[in-house]
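Good morning, colleagues. Please look at the structure on the screen as I go through its aromatic pairs and then its chain interface.

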Amino acid sequence: MAQGTKEGALNDGPDEQRIAAVAADPRYARLVARRARLGWLLSAVIFFAFVGYLLLVAFDKALLGMPIGQGVTSIGIPLGLGLILLAIALTGAYVAHANRHHDAQMAALLTDHGFQDRAA
Amino acid sequence: MTAWLAALAAVSIALLPLPALAAALEGEAQRQPVNWVAILMFVAFVGLTLWITKAAAARTRTASDFYTAGGGISGFQNGLAMAGDYMSAASFLGISAQIFNDGYDGLIYSTGFLVGWPILLFLMAERLRNLGRFTFADVASYRFAQPPVRSFAAVSTLLVVSFYLIAQMVGAGQLIKLLFGLPYAVAVVIVGALMMLYVLFGGMRATTWVQIIKAVLLLGGASFMALMVLAHMGFSLEALFARAVEVKTQAALADGATTAEAAERGRSIMAPGNFIKDPVSAISFGLALMLGTAGLPHILMRFFTVPDAKEARKSVLWATGWIGYFYILTFIIGFGAIVLVGTESSYLDGQGALRGGGNMAAIHLAHAIGGNAFLGFISAVAFATILAVVAGLTLSAASAVSHDLYATVFKHGQASSADELRVSRLTTLALGALAVLLGLLFEKQNVAFMVSLAFALAASGNFPVLILSLLWNGCTTRGAAWGGTIGLLTAFVLTLLSPAVWTTTFNLGPAPFPYSSAAIFSVPAGFLSIWLISLLDRSPRAAVDKAGYPAQRVRAETGIGAFAASDH
């Protein structure tokens, strides 16, 4: 059932030609490449931030336990909470960027190739 | 059916305060007196959700209604439901208890559980929505021969869900014994019965609304707790931490430590402790949490309840925001418990440990802050949380059996929507019974390793298959099915050989695999075997698989031809 619908969507002659035209459009290649670059870049940021944090936990517990200034609050607390906030902030930045730029460009591209009904 | 629902609700309510059953466990130090406020709150929650289930049942006709709530959930609603799926009672009670005991270590857990979400968004969310329909196997098997990849995905889903489910059921039983003063077996049966009702009759629509309500209650309750803790401390985190260090120092002094030792022990809660011992375990644990999130079948399934990729994206943003906020609250609640619970002898037993067991820190704090009524509220929310998570898990396992195994593998895509629905309901019944049985069987087991195993399996099997099938044109049917299986098996075997299972659970002496998490070996094992097997694959099918990539890619990127929001 699922397979039937899927092939139907891709193999209807005219549809397939229009899809190929989309894929051949230089704007499509540019948009997809830019989007992938942003995705990998942000993934790398959060991945290495977390791995770096874990390595600090493994190798230098004392540093994370060092108090900030005169108080008892340790360096590890803003770092850990900061990592949580970083995850939320990066997610928000990606969604804002995608909503503002990617969606509009993709919609324009699809409309040009006759997919306006699905571009919205 | 309405009568049936009402009867079952009546039975579960009638069971609750049954003194004869409660008496069977008299003498166990851990049991609390029957908690009427909590029970009332819980009954109110269950009544509300059953009413929603009834409404949802009336609108559940097609397979799409059952699996994806008709695809009409908004990004905001779905984000809340995802957060609801993810914020289990284990993370609320477990993390706040860990902070109560060791301070800082709890924060490491929280960050690990959160960092998988951005990665899920950046690499997978939109493509998942564009390619998938009901289960993540739709995406993983998109351009491949259906039977092998679907079978792998279904087996993997059942494995991951089973371990997660056992942990939740055992947790539920123990919690209810503590919170409501009910016997373990009764608690497990109630959870099993209610979970079956939500899934059987309401499907994804009811399950989603149960998740949303639960998420709102949990976030509201936790916000109130954190706010009250901060109010006690003049809204100063520094004052909260300082007071907590002082409490721990005093406790160490009372324990007979020297002044220097006591000061040392007091300060230790502000730094990482023994939670992570060596770099290998640290990275391994991090990988399992980070990549496992993007491989959990019940989370991935939520991407198909929204109409398009844009709403899928918004879902993740809302989910990440709510979960992150929740973990920050949990951190404050844990430290608040040190200050307000750790100093109050009525919450402690003779030895200075928490009454009712180690996981009760947040529950006692609720009492310290808002008296019996708020204690009842938080207890009921904790129970509701388990119920909701268990329903979500069951639905994803039932979908794997009915949609991936039955409809696609056995019936070659020729099953009718009605047949598929019938099979998923039968599976739900079987799973409900199995969950109750496993819950009873594993009562005494350590559940923490089952959760970590579920994450390791998801990170080593599902995640590599999804990523490589989405992003690498050279991936083949054979590579995905066998490589994924190798990743899954590696994680499973290494976990069996790890200290938590080999030594602690089975008492077999020193563990052959010395690390607590398998992910650092099993995730690369999954990726490498998919890559290598695909590379060596010279079968005719491999050519078809590779030729299918460009079309898949265009559709994943653009959403052209994505399954519509609704079936009708």
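Let me begin with the aromatic rings. In this predicted model, a search of the whole structure finds 30 aromatic pairs over all chains.

Consider one of them, formed by Tyr67(B) and Phe134(B). Tyr67(B) and Phe134(B) are both buried.

A second pair may be set beside it. For Phe513(B) and Tyr515(B), the centres are 5.6 Å apart and the planes stand at 80°, so this pair is edge-to-face, the angle being over 60 degrees. Are its two members buried or partly exposed? Phe513(B) has a relative accessible area of 7% and is buried, because that value is under 20%. Tyr515(B), with a relative accessible area of 22%, is partly exposed, because its value falls between 20% and 50%.

Ring pairs also build a cluster in chain B. Among its members are Tyr86(B), Phe92(B), Tyr109(B), Phe113(B) and Trp117(B); the cluster also includes Tyr164(B), Phe285(B), Phe326(B), Tyr327(B) and Phe455(B).

Over the ring of Phe100(B) sits the charged end of Lys248(B), 5.5 Å from the ring centre.

I turn now to the interface. Chain A contributes 55 residues to the contact and chain B contributes 61 residues. Between chain A and chain B an area of about 5,200 Å² is buried, and carbon and sulfur atoms give 74% of that area.

How many salt bridges are there between chain A and chain B? The count is 4. One of the salt bridges joins Arg35(A) to Glu126(B), where the closest N and O atoms are 3.9 Å apart. Across the same interface of chain A and chain B, 9 residue pairs are found in polar contact.

On the side of chain A that touches chain B, at least two residues each come from α1 (2-11), α2 (13-24), α3 (26-59), α4 (61-65) and α5 (76-112) of chain A. Of these, α5(A) gives the most to that side, with 19 residues.

Conventions: Residues are numbered from 1 along each chain as its sequence is written. Chains are lettered from A and ligands numbered from 1 in the order in which they are written. This is a predicted model: local features need pLDDT of at least 70, side-chain atom pairs count only at pLDDT 80 or more; totals for chains, interfaces and linings use all residues. Side-chain values use heavy atoms; hydrogens and water are left out. Rings of Phe, Tyr and Trp (its six-membered ring) pair if their centres lie within 6.5 Å; planes under 30 degrees apart count as stacked, over 60 as edge-to-face and the rest as tilted. Buried means under 20% relative accessible area, exposed over 50%, partly exposed in between (1.4 Å probe, protein chains only). A charge sits over a ring if NZ of Lys or CZ of Arg is within 6 Å of the ring centre and within 35 degrees of the ring normal. Contact means heavy atoms within 4.5 Å. Buried area is the accessible area (1.4 Å probe) that two parts lose on being put together, summed over both. A salt bridge is a side-chain nitrogen of Lys or Arg within 4 Å of a carboxyl oxygen of Asp or Glu. A polar contact is a pair of N or O atoms within 3.5 Å; within protein, one must be able to donate a hydrogen and the other to accept it, and residues adjacent in sequence count only if both atoms are side-chain atoms. Helices (H or I, at least four residues) and strands (E, at least two) are DSSP runs, numbered from the N terminus.
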